[in-house]
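Student: Could we go through this structure slowly, asking each time what a term rests on?

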Amino acid sequence: MADWFLLSGVRPVVLLLVLMLAFVVLRYSWSNFRLDPRRGQFMTYLSLCITAVVVLIVTNHILLFLAAWIAISLLLHQLLMFYPQRPRAVLAAHKKFILARFSELFLATALVLIYLQTETLFIDQSMAIISQQERGWYLEFAALSLVMAALIKCAQLPLHGWLIQVVEAPTPVSALLHAGIINLGGFLLLVTTPVWSDSQLAVWWLCLVAAISSCVAALIMTTRISIKVRLAWSTSAQMGLMLVEIGLGYYELALLHLVAHSIYKAHAFLSVSEVAYIKQPQARSIFRVALVFIGFQAMTIALALLVSGQPKWVPSALLAMALASLWLNLSHWRVRLWMSGVLLVAYFALSLTVKSFFLVAPQIAALELVVAAILNIFAVSYWIIHHTPQYRLSQRWFISLNAGLYLDEWLTRLVLWLWPSHPIRYYQKRNKQVTA
Amino acid sequence: MIELAKVAQNVASEVAPQWPLPQWVAVNPFWEQRQQPLAQVAADWQYNSGTSLLMSAEFYQQQRQQGNIDPALVTTAMDEHLQPLLAGKKMSPRWENLTRLVDKYQQRRRKMRWHDEVVFQISQSCGLFMQFPQRFQRHGKDTSLYQHWLTISRADRGIETLMDESDLNELFAELPDTPEALLEACRSSYLSSASDPALRFYCQALIADLLGWASSLSYQDRRQGSRWVFELLCIRLAWEYLVWQLADKTNRSVFAKLQNDFATQLECCQQRVDELKQQQQVLWQWQTAYEQSQLAVMRFAAQPAPANKPEIQAVFCIDVRSERFRRALENVGESHGSAVQTKGFAGFFGVPVAQQDKDGNQVPHVPGLLQPGFHINSKKTDSPGKSLLSQLFNSPTSMFSGIEALGLVKLKALLTGADGALDKAFDPSTMTIQCGQQQANLQQLADVCQQALAGMQFTDFAEQVVLVGHGAKHTNNAQRAGLNCGACGGQTGALSARVLCHLLNSSEIRTELSKRDIDIPAQTRFFAALHETVTDDIVWLSDDISDSTKVLFSRASQQLTETSQESATERKRRSSNWAELRPEWGLADNSLLFFGNARRLASDNPVGRSFLHDYDASNDDDASLLTQLLSAPGLVANWINWQYYSSVTAPQRLGSGNKLLHNRVCNDIGVFEGNGGDLQIGLAWQSVHNGEQLMHRPVRLQVVIEASEDAINKALNQAEDFNQLYKNRWINVLRLDERGELCPLNNH
C-alpha cells in the first residue's frame, strides 16, 4: 500500500501550498456563508474538492491519479453550478464540463500509453523506466496528450473562455480555482517530465501555445472592466508563463512561479471587494518607452552572459519588461536608478543560488529565442495600445482585444447547441425536489 | 401626438442617480417620480418590468397569521380581495420588449438568448466608456455614448457568430449614426402606430433593463450636464430595432408572430396597467395596515420629562444606530446621577467639507443633495511602496516577473486576512480649510458654526459638549460606504466632528460668535468622538477628554453589548474578518423619523428603528427651521428608507443581489453580480435578510413631528420636494400632540 503514495520531487511543496490554501479558503468560506442556509452544502463540496486535489498530489498510482483528476472536475462542477438559476453561470459550467472531459480524454490516453510502454501502474516506476528507454511513437503520442491535457487544464487560448466566465461562482470558489486547481496542469507536467521533455514536438507545441496565449491574455486583461474578470485573464496569462518555463526546462523557476502566483492570486480574489482604484496608464511617447526597454534588455542580457555565459533570453526579456514598467512609473531619477540597481543585483544574486536554473543550458536554444521574441512583441504592443490612445491603430487593437479577439464565441455557440441550458426550469425542478 | 424623442428624454430624466462606490449613499430609486402618486408608479413598474413596489399577497397573509397586523385594521373587503391573489388566480401581466418576445419562440432553444446578450453587450460598452475616459470620452461631456457603442458594435466580429445570425453586422452598419435619427427610424417603422402612453411604457421597460447603468450615468449627467441616460435608452432601442429588422429579414413566421404580439401589446398596455392598479389597491390597504400596526407599537410620553441642567451634552447623527447609543447613554447617565443631554442632528454637523484623497479626487463629506463649500488639504498618507507594488502586480508588462519575485509577500496577508478599516480622519490642527481657491476666512467659518449651532438649537452649553459621528469598522465590502454615515456622503463622521470641534474650540471663532449673540461659556469645551457601529464602541478623537466622561460612554457601549444578541468578542471578530458579509445590519428596519424632543419617546419602544432629529417648535415661530429639516434630513431619511424598502420588495432589480458574487466594476463605479449583466443598484440580499427572515420590515417612513398643525402645514407648503413625497404617499406625516397621541394631518 505504501507504493500507492509518494512524496518526492515537487510534491511536498505543492502539497504544502494546497493544504495552506485549503485552510485559508475553508476558513474564509465558513465566515462568508455565515447565516446562509446552504452553508453546509457549500462546505461539503469545497472540502471534497480539496480532498481530491490532495489525493491527486500524493498518489503514485496511475488509476488513482486519473480518478482524482476526474473527481476534481466533477466536484468543481457542483461548485460552479451553486447558483443554477443564473444563466451565465450554467453556460460557463457547461463549457467547463465539456472541456474537462477532453482534458481527461487526453490524460487517460497518455496514461494508458505510459502503462502499455512500461507495464507498471506506479508513477515513480514508470517514470524511471521511461527515462532509460529508447523513445518510440507511443511515448511521442503520450507526450503530446499530456501537453494537451495540461494546456486545457490551464485554460490556455483558445479554450480559455470558461475560466473567465466562471466568476459567476462565489468568491471562495474562484480563489480555490485560480490559486489551486488550475495549477494542476503545471503539476501534471512537472511530475511527468521524462515522458515529454525529450519530445521536440511536444515541447515546441507547449511553449508556442502557452507563450502566445499568455501574451494575448495579458493584453486582453488590461482592456477589461471588472475586477474579477481582470484577475481571471491574469490567471490565464500567468499559467501560460508557468507552462513556458516548464517547457524551457526552468523547473525550479516554474515551481516558484506556481507558488508565488497562487499566494498572490488567492489573496487578490479573497480581498476582491476592497474598494481600490487601478490607475490607468498615461499617454507617453512610444519611442522613449521603447528606448528604455531596449536599454534594459541589453543590460540584462549582457549581465546574464557575464554571469552564466548564456544570454538567457526569456528571463532577461521578462526582467527588462518589469524594469521598464517600473522606470516609467517612477518620477524621480534617483529613485529610478536606485530601484533598478537593487532589482538587478537581487535578481542575479537569486539566480546564482538557484544553480540548476542558471548554469544549465536550455534544451532547445532556438525555442527560447522564439519565446523571447514573442514576449518582445507583446511588450511593444502593450505600450503602443496603452500609451498612445490617440492612434487609430491603437484604438482598433484595443477594441479587438476587449472582445477577446473573438476566440470564444464559436465555443459558446457550440456549447449552447450541444447542451441547451434552461436554468430557470432546472432550478424549479430542483426546488420541487427539495420541497417534496 | 408628441415625439418619441420627448418621451425618451422624459423617461431618461426620471432615473435617479447612483453614486460611485467610494461615495455610495442611499438613494430613493423613484426620487424623480415623486410628483406621481405611488400607486400609479407601482402599477407602471409592475407592468413595464415586473418590478414590484409591494410585497406579495402571501407576505401579508403570513404577517397577519403571525399577528403582525392588527386584526382591527383588517376589513372584510380587504380579506375578500386578497383571496384571489393568494389563490394565484390573477396573473400579473407585463410588458415584453422585443428581445424577450423573440427569446420565447422555440427557434432560440439552442442559441444565446437575445435579452441576456443585449444587456451584457450594452453593459460592457458602457463599462468601457466609463473605465477608459482618455480613450473613449475624448470630447468630455459632449462625447456621444451612442456613437461609442455604435463604433464598438460595428467593429465587433464576434457577436454575429455568437448569436448565429449572419446579417447582424450588415444591420449594424445600416443603423442611423445619431440617436435622433434612430428615434426617427423606429418611429417611422415598427412604432408608427404606437400611442403616447404605449411609447412611455416601452421606454420605461427599455431603461428598466439597464437601470443600474442608467442610474450611474444619471449621476454623471447631473454633475456635468451630459445626456448619457437618454443615449443609453437609444442604444437599447437600437437593439430592439435590430431584432425587429432581423426577424423581418430572416424568418417570416417569427416575424408575423412578433408583429402580432407587439401590436397587441401596444394596444392593450394602458388597459393592463389600469387593471394592475386596481389589483394592487387591496395590497396597498394591507401595506397600510401593516405599517400602522408597527407604528402602534411606538409610544410617546405626554409631557416632556423635566430636564436638569446637563453636565454633558452629546450631539449624535440622526442615524438609527445612533439612536440606540443615545438611549443607552442617557440611561447610563441617569443611573450614575450625571445628567447627560443628547441631541440628534445630521451627521455632518452642518460643516459642508470635502477632502482630497490619495489619488487627488475630492471626496465630499456631505449629504448627496448638497455641494461641499469647503475643501480640506491634508498630507498624503498612502505609502509609496504599497502603490508601487500594486502597479507592479497590475501592469501586464511587469506582472510576470513581479509576481514571480514578489508574490510571496502576500503570504502573511493571506494567512491573517485583512483587518477592518475605520477612517478616523486626522488631527485638524494640521490642516488648512479652503473656500474656493483661498483659505477660508474667519467670517466664513463663523457662519458655518453659527448655522450649525442654530440647527442644533443650542440654548445653553454644558461644560462638555461631545460631537459623536459614526462609522463602521470592517473590511472587504464593496458597499462599505453604505454602512458609514449617509449624511457624510458615505464616509465616517470623524472628519466633520473634528472640524466643527476644532472650530468651536478656537477662541477667535468664539469671539466672532459672541459678536453675533452666541455666547459659548469659557469653560465649555467641545470634543469629537466616533461611534463605531459594528461593535458599538466609542473611539475618542479628542485626547483631552475627562476620564469620567470616557467611563460613561464605555458603560453605554457595554450596555448595548449586553442587550444585543451577540457577545462583544463575536462582534469584534466580525469587524476584523475579511470574509464577513454581514458585519452589522446598518439601517435595516428603519421606520420612523421624529422631529421633536427625543425624551418624549417612551423608553420601551423598539430600539434602532427611528431617526431622531431634535427639534423645539417653541424656538421656531415661522416654521423656517422645520422647513429646513423637512427638506434636508427629511429627504435623506426618505432616500435611506426607500433604498431599504425597494431592496426588499424588488431584490432582483432594485437590490444588488448576492454579495458572494459581487464583482467591482473597475474604478469602482459600481458592482456587477458575477460576470456581467447590468450594473447593480440598491442593497445586497445579505444586507436585508439573515438567511431565515427579513431584517428590514418593508414599511414606508413615518415622519412624526412635534409641532402645531399650522406650523407643519406651513413647513410642508414651503418644503416642496418633501410635500410631493407626502402628497403622493411615498412617506407619511403625523403630528404628535400634547397628550402623546399621533394625529394624521387634517387638510391634506
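Student: How do you know that chain A and chain B are in contact, and how many residues take part?

Tutor: Two residues count as in contact if their C-beta atoms, placed from the backbone, lie within 7 Å, and by that rule 69 residues of chain A are in contact with 70 residues of chain B. This is a predicted model, in which local features need pLDDT of at least 70 and side-chain atom pairs count only at pLDDT 80 or more, while totals for chains, interfaces and linings use all residues. Residues are numbered from 1 along each chain as its sequence is written, and chains are lettered from A in the order in which they are written.

Student: Which helix gives the largest share of the side of chain A that touches chain B?

Tutor: That share, 9 residues, comes from helix H13 (residues 251-270) of chain A, where a helix is a DSSP run of H or I with at least four residues, and a strand a run of E with at least two, numbered from the N terminus.

Student: What makes strand E12 (610-614) of chain B an edge strand?

Tutor: Strands pair if DSSP finds at least two bridges between them, and E12 of chain B, like strand E17 (742-744) of chain B, pairs on one side only. The open sheet has 5 strands in the order E12-E11-E15-E16-E17 (chain B), with mixed pairing.

Student: Why are strand E16 (residues 732-736) of chain B and E17(B) called a pair?

Tutor: They are joined in the antiparallel sense over 3 bridges, and because at least two are required, they count as paired. In E17(B), Leu742(B) is the bridge partner of Leu736(B).
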